[in-house]
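Q: I would like to learn how to read the way two parts of a chain sit together. Could you walk me through it?

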Amino acid sequence: MYNRIWNEHYFPASWQRALIIPILKPDKDPSNPSNYRPIALTSCLCKLLEKMINHRLLYFLEVNNLLHSSQSGFRKGRSTLDNLLALEIDIRLSFLQRKHLVAIFFDIEKAYDHTWRYGILKDLFDFNMRGNLPIFIQNFLQLRKFQVRVGAELSDFYVQDEGVTQGSVLSVTLFNIKINNILHQLPSSVRGHLYVDDLYISCTGSHMNFIERQLQTAVNNIQKWSLTNGFTFSVTKTAGVHFCRKRGLHLDPEIKLNDHVIPFESEIRFLGITFDKKLTFLPHVLNLRKRCERALNILRVLSTTSWGADRSSMLRIYRAVILPKIDYGCMIYGSARKSVLQKLDPVHHAALRICSGAFRTSPVKSLYVDCCEPDLNLRRQMLSLHYYFKIASLTHHPYHTFQLRPFLLRL
């Protein structure tokens with residue numbers, strides 16, 4: 001059946017329909033429809049065929065180096081940590097050289113829904129791609145329909161005229177192809193990194209006038225590219241941060257997007273990590289500790305002596321619910337001062353005490369031995385080593401040939 005669909009250029013009509021389940025975003029007003037996250041359910045048979053075609057398409061793109069090296073989204077061996085590491089490296093280098101670094105973080109409005117379908121096909125043609133694959137993608141993108149289900153009620157079918165399909169395996173790669181050229185619009189002095197639709201650009205220099213001029217040129221180029229490719233940047237959600245440790249008064253640059261001045265903030269959350277202008281990571285650690293303390297309530301509820309879970313189950317829950325929050329990005333925020341990182345230790349110790357049923361006066365080292373868990377400092381070192389060797393094993397990784405500077409010895 002798959003071979004006939006592939007060779008005869010036919011696409012089943014039932015595969016072009018999606019069922020939308022709206023999920024309310026956390027702490028949002030349920031009466032506002034824009035506060036719901038649409039989850040699209042599509043045909044499983046179609047997803048299997050999409051996955052096979054996606055493997056072929058990605059192989060073609062990677063072998064021919066058609067995707068920009070600074071794009072990390074949904075590529076083999078790449079992750080959000082690559083973009084976070086790139087930003088941290090640039091900031092650390094600017095601090096060592098006593099320079100300014102200004103970064104602008106863009107937000108694309110409804111990026112998936114506004115993706116230009118004809119533009120995707122044109123980019124595939126420009127990649128010199130011919131034959132059954134682009135024809136399948138053309139049939140896959142056209143005549144898409146969806147209906148919304150709330151409870152037991154179903155809406156009418158609506159036609160999706162633009163954008164790539166939500167909940168599709170192939171859509172992410174097609175979106176990457178369409179947005180790939182945005183990184184080619186930057187001047188040589190401006191660096192840019194992209195994770196699907198999360199884009200940031202940065203410029204380093206000793207003089208703010210130079211940085212302002214280069215970034216304004218980059219923003220103008222990006223804005224011009226977005227107008228010809230159907231993307232729209234949110235003026236209210238796009239923001240910048242001026243990273244600097246030099247003493248004295250340093251004014252933030254004035255950069256405009258759509259005739260609106262981009263606001264500059266003291267800290268910004270990017271791909272789950274909060275970067276502050278001095279790169280202390282203190283706001284990130286405090287926020288992380290607050291989130292972990294809320295998650296500890298799950299363990300407290302399950303630790304009842306009469307009907308509660310046993311030790312092994314409690315430790316499994318801790319390793320599944322709380323530890324991943326602490327582990328994510330620890331090779332990035334692990335460069336913070338020791339006094340900042342120690343603020344996470346009480347959460348780790350409290351969880352181990354709850355899981356093992358130990359007294360409050362039990363020594364910390366005995367908790368580590370009893371629960372077979374290392375302290376957080378050792379855990380950060382271990383995960384940083386894993387990440388370093390992962391980079392060293394991938395020859396196509398942008399940091400594969402990067403020589404370790406003194407400030408990166410922790411990796």
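Predicted model: local features only at pLDDT ≥ 70, side-chain atom pairs only at ≥ 80, totals over all residues.

Q: How many residues of domain 1 and domain 2 are in contact?
A: Here you count on each side, with heavy atoms within 4.5 Å as the criterion. Domain 1 contributes 17 residues and domain 2 contributes 14.

Q: How much area do domain 1 and domain 2 bury between them?
A: About 1200 Å², and carbon and sulfur atoms account for 58% of it.

Q: Which elements give two or more residues to the side of domain 1 that touches domain 2?
A: They are helix H3 (80-96), strand S12 (267-270) and strand S13 (273-276). H3 supplies the largest share, seven residues. Sorted by class, that side of domain 1 has six nonpolar, five polar and six charged residues.

Q: And the chain as a whole: how many helices and strands are in its secondary structure?
A: The chain has 15 helices and 13 strands. Its C-alpha trace spans about 70 × 65 × 45 Å along the principal axes, and 47% of the 411 residues count as buried. Looking at contacts between residues at least 6 apart in sequence, 69% join residues at least 24 apart.

Notes:
Residues numbered from 1 in each chain as written. Heavy atoms only, no water. Buried area = accessible area lost by both parts, 1.4 Å probe. Helix = DSSP H or I, 4+ residues; strand = E, 2+ residues; numbered from the N terminus. Nonpolar A, V, L, I, M, F, W, Y, C, P; charged D, E, K, R; others polar. Buried < 20%, exposed > 50% of the residue type's maximum accessible area, 1.4 Å probe, protein only.
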